[in-house]
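Please read it alongside the sequence and coordinates shown here.

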Amino acid sequence: MALNLVDYEQKAREAVKIFWGSREAARQKQIESGKADQGERAGVTAGKNMHGFLALVLDIVKANGLAHAKVYQNRAMLTLPGYFRPTKLWDLLVIHKKELIAAIELKSQVGPSFGNNFNNRAEEAIGTAHDFWTAFREESFGKQPRPFVGWLMMVEDAPESRKSVRNASPHFPVSKELQEASYLKRYDLLCQRLVQEQLYTTAAVIAAKRSAVDTGHFMELSSMTGLRTFVTALAGHIAAETARLGDESTPLSTATP
């Protein structure tokens, strides 16, 4: 059976519109209430900016089988045990027959400050994956095949994220590929290496300008970290699990607490 990619490009464009629209709506709401946060935080506190991408992932899961699988999106049901820490909260979990099929993180970053935020995102992604796979090795999820673990990042396409950035490393040289790399290039390399080191099944990064609130236009940085690679890998994993566990006729449900 051919994989169903659910017209992911169009859905991604809608997700980009939702992302920027949600940020602006949150900012305006806080201004009107007289309780606006400073800087870019006003566009973040609503917490729904990545919901369009969440819907895209859900459509991929639905379209490629496991009709009885439960897809958890509610915060109270998104916790998994860790190894170095007690628990970790994910953005989406797919569970079927008491097996973890997929765990996915959805992240974003906008300007004007990219430096510290990039480092924080990188450290978080690496630490989360190392904790997860150690817990998996210790059978914290029971005995089961390796699940799909995905990391999807959206970054603002802006002059600050595109320009070359100098590095300060007085004792030892910085990796050649990262020397004076822009933050977009750093995210691209981060995602490539997260996959090469088998920390994630796949990791993707896309970039979009604020003006994309009207068009939904976005760009990919490389084929290895592109959105098509992400959705194809996810669809393939779901289809493989459908074959292994057996397809069901009842439509897949979105689980609630």
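**Helix 3 and its surroundings**

Helix 3 comprises 23 residues and spans 34 Å from its first C-alpha to its last, close to the 33 Å expected at 1.5 Å a residue; the expected span is 1.5 Å times one less than the number of residues. Helices (H or I, at least four residues) and strands (E, at least two) are DSSP runs numbered from the N terminus. The model is predicted: local features need pLDDT of at least 70 and side-chain atom pairs count only at pLDDT 80 or more, whereas totals for chains, interfaces and linings use all residues. Residues are numbered from 1 along each chain as its sequence is written, and side-chain values use heavy atoms, with hydrogens and water left out.

- The buried residues of helix 3 are Phe-118, Ala-122, Ala-125, Thr-128, Ala-129, Asp-131, Phe-132, Trp-133, Thr-134, Ala-135 and Phe-136; buried means under 20% relative accessible area, exposed over 50% and partly exposed in between, with a 1.4 Å probe and protein chains only.
- An α-helix has 3.6 residues a turn, so residues three or four places apart point the same way.
- Strand 2 (79-81), strand 3 (87-89), strand 5, strand 6 (148-156) and helix 5 are the elements against which the buried residues of helix 3 pack.
- Glu-139, which follows helix 3, has a positive phi near 60°.

**Second largest pocket**

- The second largest pocket holds about 220 Å³ of space. On a 1 Å grid over the protein atoms alone, a pocket is an open set of points with protein on both sides within 12 Å along at least five of seven lines, a cavity is a set of points where a 1.4 Å probe fits but cannot get out, and lining residues have an atom within 4 Å of a point.
- Grid points are joined across faces, edges and corners, and a volume is the space filled by probe spheres set on the points.
- Its lining consists of Phe-118, Asn-119, Ala-122, Ile-126, Asn-167, Val-174, Leu-178, Arg-186, Leu-189, Leu-190 and Arg-193.
- At least two lining residues come from each of helix 3 (115-137) and helix 5 (183-196).
- By class, this lining has seven nonpolar, two polar and two charged residues. Ala, Val, Leu, Ile, Met, Phe, Trp, Tyr, Cys and Pro count as nonpolar, Asp, Glu, Lys and Arg as charged, and the others, Gly among them, as polar.

**Largest cavity**

- One cavity of 30 Å³ or more is present in the structure, and the largest cavity contains about 30 Å³ of space.
- Phe-53, Leu-56, Val-57, Ile-60, Leu-152, Leu-227, Phe-230, Val-231 and Leu-234 form the lining of the largest cavity.
- Helix 2 (51-63) and helix 7 (227-245) are the elements that give two or more residues to that lining.
- The lining of the largest cavity has nine nonpolar, no polar and no charged residues.

**Loops and backbone features**

- Ser-182, in the loop between helix 4 (159-162) and helix 5, counts as buried because its relative accessibility is 11%.
- Beyond its neighbours within four places in sequence, Ser-182 is in contact (heavy atoms within 4.5 Å) with Ser-161, Arg-162, Lys-163, Ser-164 and Val-165.
- Gly-111 and Pro-112 are joined by a cis peptide bond with omega about 10°; Pro-112 lies in the loop between strand 5 (99-109) and helix 3.
- Val-6, in the segment before helix 1 (8-33), has a positive phi near 50° although the residue is not glycine, and counts as buried at 14% relative accessibility.
- Asp-7 is found in the segment before helix 1 and has a positive phi near 50°, but counts as exposed at 52% relative accessibility.
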